[in-house]
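Please keep the sequence and the structure in view while reading.

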Amino acid sequence: MNSEEYCAMQSESIQQKILIIEDEAVFRMTLSAFLRQNHFLVMDAQNGAEGLALVAMFQPDIVLCDLHMPVLDGHQVINIIRKRYPDIPVIVISGVDNFDEIRQVLREGACDYLLKPISQWQVVKEAIHDCLLHKHCESQNLKELEEHRQALQHDDFSASRLLQM
């Protein structure tokens, strides 16, 4: 089993917590129902401020967020999550199809960007899976790197050989 298969198996074995931050009630309820049918634990918020409060309480594995909402918009939400909870990936789901705004959102730290209306719901599930897999594998890689660093710190011969290579 390679590391990618291991990461995929690990990320699927635990029920994932998802927070939806979306001001359009019908879309929010439809998305929630789809995710619950796919065995995710789902919480939802109708604006950015409520969403950030739920991030603090719920500690989701991933956040799905609209861009244009009352109170705090998606840009503000992404920036606050990046600063306070850098390990929580954010997927933006928005009707905004302006390339400059999409690029800005991705630079702000969004993991992915999906365009509304959603016609292929499987795309949402795949985007969530990809972001969670990336998050989990990145965490595993950092742990492995730290183990190697500590081992080299105590083994001068191996550290010298590595530097020579």
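Rings of Phe, Tyr and Trp (for Trp, its six-membered ring) count as a pair if their centres lie within 6.5 Å, and the pair is called stacked if the planes are under 30 degrees apart, edge-to-face if over 60, and tilted for the rest. By this rule, Phe27, Phe34 and Trp121 form one aromatic cluster.

The model is predicted, so local features need a pLDDT of at least 70 and side-chain atom pairs count only at 80 or more, while totals for chains, interfaces and linings use all residues. Residues are numbered from 1 along each chain as its sequence is written, and side-chain values use heavy atoms, with hydrogens and water left out. The pLDDT, the predictor's confidence in each residue from 0 to 100, averages 84 for the chain, and 74% of the residues score at least 70.

Two aromatic pairs are found in a search of the whole structure. In one of them, Phe34 and Trp121, the ring centres are 5.5 Å apart and the planes lie at 40 degrees, which means that the pair is tilted. This pair links distant parts of the chain, with Phe34 in helix H2 (residues 25-37) and Trp121 in helix H6 (residues 121-153), 87 residues apart; helices here are DSSP runs (H or I) of at least four residues, numbered from the N terminus.

| Charge | Ring | Distance to ring centre |
|---|---|---|
| Lys17 | Phe58 | 5.7 Å |
| Lys116 | Phe27 | 4.9 Å |

Key: Helices (H or I, at least four residues) and strands (E, at least two) are DSSP runs, numbered from the N terminus. A charge sits over a ring if NZ of Lys or CZ of Arg is within 6 Å of the ring centre and within 35 degrees of the ring normal.
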